[in-house]
Amino acid sequence: MDYKSSLIQDGNPMENLEKQLICPICLEMFTKPVVILPCQHNLCRKCANDIFQAANPYWTGRGSSVSMSGGRFRCPTCRHEVIMDRHGVYGLQRNLLVENIIDIYCLTCEVPTCSMCKVFGVHKACEVAPLQSVFQGQKIELNNCISMLVAGNDRVQTIITQLEDSCRVTKENSHQVKEELSQKFDTLYAILDEKKSELLQRITQEQEEKLSFIEALIQQYQEQLDKSTKLVETAIQSLDEPGGATFLLTAKQLIKSIVEASKGCQLGKTEQGFENMDFFTLNLEHIADALRAIDFGTDEEEEEFIEEEDQEEEDSTEGKEEGHQ
C-alpha cells in the first residue's frame, strides 16, 4: 500500500501524512536521500544501509574491487524480504516525491516542514522556501559570518600586535629614562663628592696653617724658656761667689742679660678665637630643600625653578651689601 491510498483510507489525512514521513528506523522525518523498497515502504538510505549491513556483515560494500552477488534484508514495516544486487541499497530507487514533500523549510518557525503542512497544517500561515535554497542561503550567510569573524580576528590580532609593540616600546623607553636619571644622579654625586673634597681640603689647609703657626710659637717660647732657665741657673751660681769684685763684674752682665731676656718675652701670641673654625660652617638647608623638591617636570618648569634660585641669590647678595654700608 502506498502513502496515497493510506491518506485516502485514513480519516485524518494530516496525521497519517506525518506517519508516512517518519522513518521506521530512526523514528525521525526522512533524511534525504529517501529510498523506496519493492514493498513500497520508504526508508532513509542511511538507515536502509545500516540494516542491510547488519543483515549482511560480510558484504564488502560500495566501491569494493571484489564482485559480490548482493544480499538481502527484511522491510522493518511489513517484514517483506528485500533482495539486493551487488549495488546494495544504492541500487534502490529514490522516492523523489517524498523528498520533495519534506524538502521545504518554514522561515517563520525556522524548522524543516513539508508541503502538506504548509497547505493544510500548522505552517499554513507561515512563510516557506525550498530547503535547498535555504541551505544555500544559510551557507552563504555562515560563510559571510565566518569571513566577518576572521576579519574581526585579524583586527583583534592587529590590536594585540600593536599592544605588544606598545608594551615593548614602553619597556625600552622606561629603561632609557632610568639610565638617563641614573646618569644625572651620578653626575650630582660626582659634583657633591668633588665639592666635598674641595671644602675638606680648604679646612685641612687652614688647620695646617694654624697648627704650623702655633707650633712655631711653641718652639719660640720653648727656646726662650730654655735660655731663661739657663740664665736663672747662672744667676743663682753667681750669688754663691765669695769675692765681691768678681760678683760685681758677673752680676752686672747677668742683670743686663736678665733685662734683655725679659724684653724677649714679648713674642707673638694667638688672638682670641684663633682656634675657632666656625667660618667653615655651611648652610645647606636650601640645597637640601631643592634636592627634596627634585621631581619630573617639563623644561619650562626647570627653567622657572632656576630663575627663582637666581633671584633668591641676587636678593641675598643685595641684602648683604646694604648691611655692610
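**Aromatic pairs and a buried helix face**

At 51% relative accessibility, F279 counts as exposed (exposed is over 50% relative accessible area, buried under 20%, partly exposed in between, with a 1.4 Å probe and protein chains only). The model is predicted, so local features need pLDDT of at least 70 and side-chain atom pairs count only at pLDDT 80 or more, while totals for chains, interfaces and linings use all residues. Residues are numbered from 1 along each chain as its sequence is written, and side-chain values use heavy atoms, leaving out hydrogens and water.

Aromatic rings
- Four aromatic pairs turn up in a search of the whole structure (ring centres of Phe, Tyr or the six-membered ring of Trp within 6.5 Å; planes under 30 degrees apart are stacked, over 60 edge-to-face, the rest tilted).
- One of them is the tilted pair of F185 and Y189, with 6.2 Å centre to centre and 55° between the planes.
- Both F185 and Y189 belong to helix α6 (residues 131-239), where they are four residues apart, about one turn of the helix (helices are DSSP runs of H or I, at least four residues; strands are runs of E, at least two; both are numbered from the N terminus).
- F185 is partly exposed at 29% relative accessibility, and Y189 is partly exposed at 46%.
- F279 and F280 also form a tilted pair, at 4.4 Å centre to centre and 40° between the planes.

Charge over a ring
- K210 places its charged end over the ring of F274, 5.1 Å from the ring centre (NZ of Lys or CZ of Arg within 6 Å of the centre and within 35 degrees of the ring normal).

Helix α3
- In helix α3 (residues 45-55), the buried residues are C47, A48, N49 and F52.
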